[in-house]
Amino acid sequence: MQFSTEEKGTEGHRSCDVGVQKPCPSQKLEGYQFGFSLKGETYDFYKTIESLVSDIYKKIGLNQNKVFDLNPSRKKTILLELEALSFKLFRRKLDWQFREEELFESKEKQEVFSLYLYRTCYFNLAKICLLKYWLHLGIIHEEDLRTDYHLLISKKLFQIEANLIAQRQIWLFSKQNAYSWLRFSEEDIKHYWKILEDTKLRENPHHFIPQIFEHFCQCFADPLKIKTLSIPLVEFIGKQIERGGLVRKVGHYEKTKSILNLCAGSGQFLSEFAAIIKKTVSNSHLQFEFLTEHFTAIEKDLFSFYFLEMTLVWEMSDIQSFKRGSLLHYHPFRLVHQNNIPGTLDTQLLTEEESFANIEHPQGDCKKIYDFVKNTQKVDFTIVCTSKQNESDLKTYMEIYPELKAFYETDMIASSWYYMIGLSKLREGGKLFALSDEYWPRLLGAKKLRRYLLEHSKVLCIFDLGVHLSPRYLFVFEKCQNKEERDSHRIKLCKLKSTFNFEDLNYVDKAIQEVCEVGSLISDDRMEIFFGPVLQQDLSETPWSSLEEFTYVPILKKIRDKKPPLSSLFTVKNPNLFQQEEDENLLNLIPTDKVGVLGTDFQYQRSDLELKKDFQFFIYQKASHVLTPKLLNIVLNSKLLKFWYKTQCLSAVSRKSFTQSDLYQIPLPSCESSKIQENFSEEKIGQFFAAIGRRDASYLEAGLLLELKYGNTQVVYEMMQKLFDEECRVEEQIKKYLDFQTEGKTNWKRIKDIFTLQEQSPLQNHPHVFVEMDCKDIKNFCFLKARRLKHPESEEDFLQIISLDSQFLKIFADSVYLSILEAELEGRENLYWDEMEQGIYLPKDLKVFLGFKDEIFQKWMELEKWKGDIFRILNQLVFRLYGFDPEDNNQFSAQESSKFIEIISQSVQ
């Protein structure tokens with residue numbers, strides 16, 4: 001009897017007599033989103049896979065009866081595979097007799113057998129693609145197809161090995177297994193190769209085999225509970241690792257860095273890193289070394305392990321040493337059964353291949369995975385992938401994995417093992433990339449895990465990829481034993497929003513590099529990237545709710561909500577276009593005061609007569625209204641809008657300058673005059689003026705905030721402009737003091753220059769400066785240069801004066817005097833010393849001089865403090881104008897505003 005593959009009437013499905021209606025790839029994948037990248041668009045390569053799968057599946061349907069005619073040994077292999085698939089699909093054992101008739105008696109067995117045929121289809125398709133690639137590389141020729149293609153692969157892999165039977169067992173995909181019963185003729189293979197012609201294997205072999213496996217998983221992930229990583233996500237992680245380089249210098253030699261992949265899309269990552277190493281390293285020996293030694297992977301699913309092995313062979317095929325028949329028995333991978341990984345304890349049957357690979361249940365010798373990982377050398381990068389596991393008794397694993405004892409607690413999450421083993425295998429400074437569906441920072445059963453991570457690593461970044469993606473989270477750690485460095489670290493957070501377009505992760509990769517300091521952040525309709533609000537030392541083993549709940553969206557919404565854009569009240573002009581007649585006519589109607597835009601700074605300009613600068617734009621008032629250019633300048637330079645620029649005006653962040661569009665979209669406060677004009681407004685203004693005169697910041701802040709909330713807002717607007725004028729005046733005064741310090745050091749000469757001359761004495765007879773003369777004739781001592789040295793016995797400073805004829809003088813005095821002398825002697829080369837001594841003056845009494853210096857610095861600090869007070873008062877008023885009122889009558893609004901103001905103040909320095 002032959003099972004039919006004719007299509008039935010079920011819409012959107014293809015079925016055969018041996019299977020429950022299973023989704024046909026070509027139908028299910030129409031418009032399907034493959035991870036991030038396709039978004040309704042199907043690549044030509046995926047169309048090729050669909051065509052090949054459909055074609056091969058038809059051939060399997062015509063030859064499926066041959067399965068039941070195999071010898072008893074082969075039948076047993078397939079029977080074990082069917083039993084394993086039955087458990088994966090239905091979580092229970094089905095009683096298989098392996099007779100054709102029983103497939104018509106049970107729909108469950110039909111579904112299992114249909115799925116088995118699809119797996120056979122994809123497995124053989126991958127082998128055909130590998131052969132096609134070898135044909136392109138010249139490793140095989142078309143006449144080689146006269147032999148069985150399964151045997152051809154084995155022969156080429158082990159063509160220099162004397163004992164084929166012993167060596168062939170190393171590569172599981174090349175030996176006889178449950179899927180290798182299918183045989184294609186030479187004509188069949190050439191037909192499939194013809195379909196593959198347009199895929200250009202030679203030019204673009206990147207991710208070829210992993211994409212076939214990804215295609216299978218996208219079709220059959222739900223019933224099998226298989227999770228494959230999206231290739232764009234793999235490429236994104238690859239870029240983060242590539243940025244630090246995959247090669248290190250060891251003395252005069254180069255050595256590739258090492259990577260441990262623990263059950264995390266090993267095939268996809270292998271092809272990604274192989275592409276990187278081939279692109280960055282021209283040495284074929286290093287390429288071969290990386291593939292066979294420094295990329296170590298552990299895979300827990302036998303079917304995916306086959307594709308992992310084929311990917312390794314694919315990537316090694318274009319290395320010169322392979323063509324010479326290299327030692328391909330170097331196998332860097334390990335296949336372990338999922339029962340040997342905590343959190344996945346199930347009593348399912350093992351296939352013959354799994355038994356052959358010495359995979360056993362935890363009750364047996366299940367320390368193999370532990371010993372394998374434990375004995376592996378330290379690595380530079382670890383990649384792990386965890387998912388929400390079924391609850392199981394983790395106590396079973398305590399003796400197998402002793403490290404788990406340190407993590408055991410009530411409701412412990414199974415993924416703790418992955419983080420522990422992944423971090424422990426890293427060198428200092430190495431990075432762990434963990435993909436997970438669990439957000440352990442707030443899970444109750446992750447108390448000890450959080451403590452372990454805080455004590456051994458810096459949590460570099462947390463990516464939230466959104467509720468529709470699986471795995472949803474990506475955590476990046478750096479191993480760090482320096483407690484001070486860990487404690488002072490802030491975690492970078494990247495939250496993708498539901499509106500994010502997953503077609504391209506390059507945008508995320510570029511944006512995350514721009515957020516490189518605490519003050520920098522990005523927030524738009526697709527994502528938010530920023531540093532967390534707390535230091536790592538402020539986090540503990542308790543849930544990290546501050547990271548989970550924190551977001552800038554409410555702040556930006558409140559800034560923008562019901563606020564008019566700058567374009568509604570002001571016009572922005574490019575000064576380079578002022579020569580045009582129409583612009584000149586327009587400017588005649590606009591007030592002369594304006595705001596100049598220089599880079600990302602705003603400067604108020606009272607008229608065109610002021611000093612001209614290279615402004616990119618000028619902002620003019622369209623008509624007469626309360627928000628004058630001077631008030632606009634205050635608002636634009638406030639902390640609140642600087643926060644806005646960093647989150648919204650990406651052009652300003654990346655190019656350090658605004659565009660006209662950036663300026664026009666800035667939300668401005670709705671400033672309106674009070675309808676009630678008080679009779680004593682002039683008296684209030686007089687009181688505020690007096691407070692400015694005595695620099696009473698407390699009175700000004702309290703009075704103006706009360707006036708803005710309950711009084712005459714017009715008074716507030718006028719006083720804001722007066723405070724701005726005062727700030728400018730103070731700024732000019734401060735400029736006079738700036739040269740009293742140079743690079744953080746006191747400029748003693750500058751202070752001496754304004755010190756009273758009557759209080760100074762010439763160097764020649766100064767009572768506190770001692771000149772030691774080692775020269776023969778001081779009158780002929782012509783100055784060349786001065787050096788400040790330390791006395792070998794007293795460790796005190798002194799000046800060594802050198803003449804043109806290499807004679808020396810030594811000057812001993814207080815360090816203040818020496819600093820003044822150093823500055824005075826600059827530019828006096830070729831002058832005679834006896835004349836210089838009479839013209840250099842130093843303060844007589846050092847205490848009086850130091851008191852004079854303290855008085856200058858005190859006035860300077862008072863001006864700086866007054867300037868800071870004015871800036872703080874103006875910022876508080878701007879916060880209130882935008883609706884951020886910590887003293888709001890509504891308690892919730894008051895707390896929210898207080899929190900938002902604190903966050904903005906921390907983000908903007």
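## Close-up views of a predicted protein model

**Figure 1. The whole chain.** The protein chain has an accessible surface of about 41900 Å², and carbon and sulfur atoms hold 48% of that area. Accessible areas come from the Shrake-Rupley method with a 1.4 Å probe; for residues, only the protein chains shown count as cover. This is a predicted model, in which local features need pLDDT of at least 70, side-chain atom pairs count only at pLDDT 80 or more, and totals for chains, interfaces and linings use all residues. Residues are numbered from 1 along each chain as its sequence is written, and side-chain values use heavy atoms, with hydrogens and water left out. The protein chain holds 34 helices and 24 strands. Helices (H or I, at least four residues) and strands (E, at least two) are DSSP runs, numbered from the N terminus. Of its 909 residues, 53% count as buried. Buried means under 20% relative accessible area, exposed over 50%, and partly exposed in between (1.4 Å probe, protein chains only). Among contacts with a separation of 6 or more, 72% link residues 24 or more positions apart. A contact means heavy atoms within 4.5 Å.

**Figure 2. An open sheet with the order β13-β16-β14-β15.** Four strands form this sheet, and their pairing is antiparallel. The edges are β13 (570-573) and β15 (601-605); each has a single partner strand, so one side of each lacks a neighbour in the sheet. From one strand to the next, the twist averages 25°. Strands count as paired if DSSP finds at least two bridges between them. Strand β14 (residues 594-598) and strand β16 (residues 617-621) run antiparallel and are joined by three bridges. Val-597 has Phe-617 in β16 as its bridge partner.

**Figure 3. An open sheet with the order β20-β23-β22-β21.** This sheet has four strands with antiparallel pairing. At its edges stand β20 (770-773) and β21 (783-790); each has a single partner strand, so one side of each is left without a neighbour in the sheet. Neighbouring strands are turned by 25° against each other on average, direction ignored. Four bridges connect β22 and β23, which run antiparallel. Leu-799 has Ile-811 in β23 as its bridge partner. The loop between β22 (797-803) and β23 (808-812) contains Ser-806. Ser-806 is not a glycine, yet its phi is positive, at about 65°. With 52% relative accessibility, Ser-806 counts as exposed.

Figure 4. Asn-830 is not a glycine, but its phi is positive, at about 70°. Asn-830 sits in the loop between α31 (815-825) and α32 (833-839).

**Figure 5. Helix α28 against helix α29.** Two packed helices are described by the angle between their axes and the distance between the axes. Here, helix α28 (residues 697-710) and helix α29 (residues 713-737) have axes that come within 8 Å and cross at roughly 145°. Axes are lines fitted to C-alpha atoms, for helices over the stretch in contact, and angles run from 0 to 180 degrees between N-to-C directions. From α28, Leu-700, Leu-704, Glu-707 and Leu-708 meet Thr-713, Val-715, Val-716, Met-719 and Leu-723 of α29. By class, this contact has seven nonpolar, one polar and one charged residues. Ala, Val, Leu, Ile, Met, Phe, Trp, Tyr, Cys and Pro count as nonpolar, Asp, Glu, Lys and Arg as charged, and the others, Gly among them, as polar.

**Figure 6. The surroundings of Gln-287.** Gln-287 lies in helix α11 (residues 284-294). At 10% relative accessibility, Gln-287 counts as buried. Leaving out residues up to four places away in sequence, Gln-287 touches Ile-277, Lys-278, Val-281, Ser-282 and Ile-319.

**Figure 7. The surroundings of Leu-493.** Leu-493 belongs to strand β10 (residues 490-496). Leu-493 is buried, at 2% relative accessible area. Leaving out residues up to four places away in sequence, Leu-493 touches Ile-462, Glu-528, Ile-529, Phe-530, Gly-532 and Leu-547. Leu-493 and Leu-460 are 33 residues apart along the chain, and 8.7 Å separates their C-alpha atoms.

**Figure 8. Val-515 in a loop.** Val-515 is found in the loop between α19 (506-514) and β11 (522-523). Val-515 counts as buried, at 1% relative accessibility. Val-515 and Lys-646 stand 131 residues apart in sequence and 9.8 Å apart in space, C-alpha to C-alpha.
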